[in-house]
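Try each one before you read its solution.

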Amino acid sequence: MLRSVEAALSGVERWLLPPACLLCQSPIGAREDDALVCQLCRSRWRRVPHPLCDRCGQPAFGDLECRICAAWPPGLDRVRSAVWLTGGAHAAVHHLKYEGWWRVADAMAGAMLQLEPLTGQVSLIPVPLGARRLRARGYNQSERLAKALAARTGLRIRTDLLTRARETRTQTTLTPDARHANVAGAFLAHRASGLGAVLVDDVFTTGATLAAAAAALVASGAKRVEAVTFGRAVEPVG
Ligand SMILES: [Zn+2]
Ligand SMILES: [Zn+2]
């Protein structure tokens with residue numbers, strides 16, 4: 001029943017939509033199906049260039065110790081992000097998170113398909129939102145992204161293993177150290193024994209949230225935890 005209502009609503013949304021790109025407002029051709037973002041705008045998203053830090057996925061230069069992940073607690077094995085969070089990619093995230101355009105997740109998932117953690121037989125785990133934020137937004141943007149990835153890869157999505165143990169304050173004004181303290185113990189996991197998990201989130205900034213979620217999954221028995229995000233902040237704080 002719910003599913004058919006959801007399908008009907010998405011049909012209505014499509015019917016109401018002007019056939020224009022969400023980012024540049026230019027017309028979208030019939031061949032681009034239901035895309036909310038035109039091919040040209042998607043081609044302008046700047047991919048994160050290799051070589052990368054093996055663990056956190058930040059572009060790496062030489063043998064310098066990585067300043068992003070050196071202080072991470074153990075648990076999160078590998079993170080990869082598709083594009084830098086600039087220009088149209090930043091706008092897409094904004095539409096997904098704050099403007100109610102959750103179907104833009106499909107275009108974002110399309111940019112993530114080549115990320116290495118998605119090539120294994122893994123379960124996708126969206127980073128859960130706190131109950132208050134979920135009520136305010138009406139949906140979890142990470143779950144929309146994970147669903148779009150699951151539809152394209154055939155990977156299984158699990159939303160029953162990881163929950164928020166408490167609300168956390170917004171991370172945007174915090175230093176990296178304060179971010180880790182802010183989210184430490186913020187997640188609870190159960191029945192993750194033997195699991196190969198890939199956390200899914202919209203944006204990577206310092207990795208503090210992903211590291212805390214991974215720690216909970218490992219404590220619950222997960223055997224390997226990786227993560228993928230659509231965007232990566234260009235200049236992490238600090
Ligand atoms: Zn466009
Ligand atoms: Zn690193």
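**Exercise 1.** Work out how far helix α6 (residues 141-153) should span, and check that against its end C-alpha atoms.

Solution. Keep in mind that this is a predicted model. Start with the count: α6 has 13 residues. The expected span is 1.5 Å times one less than that number, so the helix should come to 18 Å. Now look at the ends: the C-alpha atoms there are 18 Å apart, which agrees.

**Exercise 2.** Find the buried residues of α6 and say what they pack against.

Solution. Use the cut-off for buried: 20 or more other C-beta atoms within 10 Å of the residue's own. In α6 that picks out Q141, S142, E143, R144, L145, A146, K147, A148 and L149. Next, follow their contacts. On the helix side, they pack against α3 (87-98) and α4 (105-112). On the strand side, the partners are β2 (123-126), β3 (156-157), β6 (196-204) and β7 (224-232).

**Exercise 3.** β7 turns up again here: describe how β1 pairs with it, and how covered β1 is.

Solution. First, the pairing: β1 and β7 run parallel, joined over six bridges. For one position to look at, take V83, which stands opposite G231 in β7. Then check the cover: β1 covers residues 78-84, and six of its seven residues are buried.

Notes
Residues are numbered from 1 along each chain as its sequence is written. Chains are lettered from A and ligands numbered from 1 in the order in which they are written. This is a predicted model: local features need pLDDT of at least 70, side-chain atom pairs count only at pLDDT 80 or more; totals for chains, interfaces and linings use all residues. Helices (H or I, at least four residues) and strands (E, at least two) are DSSP runs, numbered from the N terminus. A residue is buried if 20 or more other C-beta atoms lie within 10 Å of its own, exposed if 12 or fewer, and partly exposed in between; C-beta atoms are placed from the backbone. Two residues are in contact if their C-beta atoms, placed from the backbone, lie within 7 Å. Two strands pair if DSSP finds at least two bridges between them.
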